[in-house]
Amino acid sequence: MNKALIFTCCASASFAAEPQPDAEALEHLVRHDCGSCHGMTLKGGLGPDIRAKALHGYDPETLGLVIKDGIPGTAMPPWRPLLTQSEIDWVVDYLLTGGE
Amino acid sequence: MRKHLTALILSLSLLGTATLAQPTGDLGLVVERADGSLLVIDQSDRASIGRITGLGDLSHASLVYSPDQRFAYVFGRDGGLTKVDILEQSIVNRVMQAGNSIGGAISDDGRYVAVSNYEPGGVRVFDAETLDLVADIPTDSKTVGLVDVPGTRFVFSLWDAGETWIADMSEATPEITKVTGMGSNPYDALVTSDGRTYIAGLFGEDHLTALDLWQDDPKPMPILDGYSAGREGLPVYKMPHLEGWALAGTDFVLPAVGQHEVLWVDARSLTQTGRTETHGQPIFAMARPDGRQVWVNFAHPLNDTIQVIDSLSKEVIHQFTPGPGVLHMEFTPRGHEVWLSVRDANKVMVYDTQTFQKLREIDALSPSGIFFTNRAHKTGL
């Protein structure tokens, strides 16, 4: 148990003690779970269009805060309990660059 | 012999093609959401028997059946309305009717198919035969919870406006009755199988709202008022679904929003009769067709689990983890089996509802909704 922990810490030392985001799992999360409201193609549903062209002009920090804390009074939930900061950063970058 | 041969030739010529003789009563369709395809399934064989492709964006897609159980009308997220022939396993017709849609219904007489739209909002009604537009009902709001009720009528709710509209299609021009004051942000709704009680779930309120559709002038009735009073609402990572199969014995069982519980409501008095703590936030709470059990699946990230609740004791009697992303459940018409979509395992899994034993796994691509053809004869589905 201790050995595994040390190994993990060493492996991720360059990422401020957080493991590197799992791109495949996060893309799946964005498409399928964010997609519950925003549509699997992210063009919108109960929630708004979150494709790159729709988000153009938003700064990454603001988008990160929206994902982290949600928007009170709307159906957008806070993802803070489920995602680390580096995972949120990855999602913001993914959305702003059009998933490329 | 000769006589038999003559009879055979005669019957073949009468039938035209052999496929026409094939019954559809135990067939069904599974939505393969990522690939825009439908898997054709056979209940008795517990097997897939084909695939229909080319249906566009099927995330959150649903479908209804024609009265003869041969054709399905598929409502795609991209606004596509597709009519498919489940015997020929082919697309009969397809129209792009809006920019972004969420579900639909077929009228009790099978003549009209109505589609509920997010973008541009409103409901559009189509001729079930030709898919020609029959009526356009703009609402200036996203529409949800569209169901059919007796009398060639459709009922639906307005997410932004908090209203429920009843569209009577029995005459040439649709007659609309608007019920205001339903509450803030209805996200989905159900109607009972007798078409009498319509219940809208509300995202922005601490209650649900019921309508008695047997009244000439239905009035909103709050039910389960204050069901989460004094408790913090949990983040909602997926909106629950309300469907007409919620009646378990004499109670409705309904998913709470923002709480890990299902709520029990007396079907006659609409008063709360209990609550059952659950593993996570419920998405579907589905009564087995006989009402004896309620099966519940859950929102992300607890969506690998199913709980089975006994309708008499209202206690969880069984819990198991079929796999990652259990999105949807469908009972066989008399409830001896339940079929589960396990999205991230790319499987449909079949379970015996008495023993809870797994009977079969069927390969499917990111499966979501499962729809058996017996839905054709049910109001509100």
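Mentor: Let us start with a definition: buried means under 20% relative accessible area, exposed means over 50%, and partly exposed lies in between, with a 1.4 Å probe and protein chains only. This is a predicted model, in which local features need pLDDT of at least 70 and side-chain atom pairs count only at pLDDT 80 or more, while totals for chains, interfaces and linings use all residues. Residues are numbered from 1 along each chain as its sequence is written, chains are lettered from A and ligands numbered from 1 in the order in which they are written, and side-chain values use heavy atoms, with hydrogens and water left out.

Trainee: OK, so is A:Asp69 buried, exposed or partly exposed?
Mentor: A:Asp69 counts as partly exposed, because its relative accessibility is 35%. A:Asp69 also forms a salt bridge with A:Arg80, with 2.5 Å between the closest N and O atoms; a salt bridge is a side-chain nitrogen of Lys or Arg within 4 Å of a carboxyl oxygen of Asp or Glu.

Trainee: And where do those two sit in the chain?
Mentor: A:Asp69 is in helix H4 of chain A and A:Arg80 is in the loop between H4 and H5, 11 residues apart. Helices (H or I, at least four residues) and strands (E, at least two) are DSSP runs, numbered from the N terminus.

Trainee: Which residues of H4 in chain A are buried?
Mentor: In H4, which spans residues 60–69, the buried ones are A:Leu63, A:Gly64, A:Ile67 and A:Lys68. They lie on the same side of H4(A), because they cover an arc of only 135 degrees around the axis, the arc being that of the directions from the helix axis to the C-beta atoms.

Trainee: What do they pack against?
Mentor: The buried residues of H4(A) pack against helix H3 (52–55) and helix H5 (85–96) of chain A.

Trainee: Switching topic, how many residues of chain A and chain B are in contact?
Mentor: On chain A there are 21, in contact with 24 residues of chain B, where contact means heavy atoms within 4.5 Å.

Trainee: Which salt bridge joins the two chains?
Mentor: The count between chain A and chain B is 1 salt bridge, and B:Arg343 and A:Asp33 meet in a salt bridge through their side chains at 3.9 Å, N to O. B:Arg343 also forms a salt bridge with B:Asp344, at 2.7 Å between the closest N and O atoms.

Trainee: Is B:Arg343 buried or exposed?
Mentor: B:Arg343 counts as buried, because its relative accessibility is 4%, whereas B:Asp344 is partly exposed at 30%.
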